[in-house]
Amino acid sequence: MSNTDFALAVEDLSVSFDGFKAIDNLTLYIDRNELRVIIGPNGAGKTTLLDLICGKTRASAGSIKFNNTELTRMAEHRRVRLGIGRKFQTPSIYENLSVFQNLEVSFPAGRSVLGALAFKCTDKVKARVQAVAEDIGLGDRLDIEAGLLSHGEKQWLEIGMLLMQEPELLMLDEPIAGMSARERELTADLLKRICRNRAVIVIEHDMDFVKRIAHKVTVMHQGKILAEGPMEQVQADPRVIDVYLGH
Ligand code: ADP
Ligand code: MG
């Protein structure tokens with residue numbers, strides 16, 4: 001496989017903060033429709049890697065290609081338009097708006113300044129909102145004020161807001177933190193559905209959850225990749241046990 005076939009190709013990527021290398025010459029390839037999980041101890045550089053891919057942080061060196069388009073010097077909003085969606089650790093939903101409205105405002109054309117044009121799209125937007133709401137398990141909660149949702153439902157709503165933009169790469173940083181066992185199960189099912197149409201990168205610490213969803217696991221340590229492969233292989237790797245799983 002040539003490296004033009006990947007959804008995402010990260011090559012020799014580095015970033016330094018005041019001389020400290022948070023990402024150190026890292027190379028990583030993600031297939032189309034792959035669900036990759038990144039694990040590793042706190043401070044390994046996992047969140048920083050997502051920051052570099054979405055454009056929140058600029059790389060010091062190296063390259064990030066998305067569908068063969070070089071992203072490294074591209075502004076964050078242009079990366080969103082190309083199809084990169086990023087969910088941060090803390091949910092950023094509009095608590096005072098309904099579930100429906102939260103999804104509606106996330107529809108790309110909904111941001112049009114031309115009111116008439118937006119109006120013409122209403123049926124299309126409604127259909128998309130309904131479809132996404134079903135997908136995230138909130139199909140019968142559309143009229144509820146988002147602030148009244150459970151913690152898990154808020155996380156799903158935020159995933160839904162990203163899905164409204166039909167991203168080709170979706171990145172989620174610790175999406176199940178604070179969720180109940182049942183919500184974790186439903187989130188695993190949701191992520192498996194989502195990756196049928198796109199590549200997904202998930203950072204997670206819960207190994208049962210990782211086992212359930214990962215196609216492949218990347219283990220990061222000190223800004224580098226320590227190990228990569230199927231869960232069983234990574235779990236049995238003495239270096240991984242030593243720096244992460246053994247703790
Ligand atoms: P992880 O998500 O794996 O826990 P992070 O990517 O958050 O790790 O952090 C990796 C290292 O980079 C940490 O030592 C952190 O303090 C440092 N770091 C991350 N972002 C910044 C920043 N904007 N400025 C300075 N240091 C940072
Ligand atoms: Mg982190």
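Reply: β4 and β5 form a hairpin with two residues between them, and asparagine 67, in the turn, has a positive phi of about 50°. Strands here are DSSP runs of E with at least two residues, helices are runs of H or I with at least four, and both are numbered from the N terminus. This is a predicted model, in which local features need pLDDT of at least 70 and side-chain atom pairs count only at pLDDT 80 or more, while totals for chains, interfaces and linings use all residues. Residues are numbered from 1 along each chain as its sequence is written, and side-chain values use heavy atoms, with hydrogens and water left out.

Phenylalanine 66 stands opposite threonine 69 in β5. Phenylalanine 66 of β4 also has leucine 8 opposite it. Glutamate 11 has serine 63 in β4 as its bridge partner.

Stepping back, four strands make an open sheet with antiparallel pairing, in the order β2-β1-β4-β5. β2 (20-30) and β5 (69-70) are at the edges with a single partner strand each, so one side of each is left without a neighbour in the sheet.

Now to the domains. An automatic or database domain assignment sets the bounds: domain 1 covers 1-83 + 193-247 and domain 2 covers 84-166. Their C-alpha centres lie 27 Å apart. Fifteen residues of domain 1 and ten residues of domain 2 make the contact, meaning heavy atoms within 4.5 Å.

Together the two domains bury about 990 Å², with 58% of it on carbon and sulfur atoms; buried area is the accessible area (1.4 Å probe) that two parts lose on being put together, summed over both. On the domain 1 side, Arg193, Ile194 and Arg198 lose the most area to domain 2, together 35% of what that side buries.

Two salt bridges are counted between the domains, each needing a side-chain nitrogen of Lys or Arg within 4 Å of a carboxyl oxygen of Asp or Glu. Aspartate 135 forms a salt bridge with arginine 193, where the closest N and O atoms are 3.2 Å apart. Among the elements giving two or more residues to the side of domain 1 that touches domain 2 is α2 (76-82), while α1 gives the most, with five residues.

Notes: Chains are lettered from A and ligands numbered from 1 in the order in which they are written. Two strands pair if DSSP finds at least two bridges between them.
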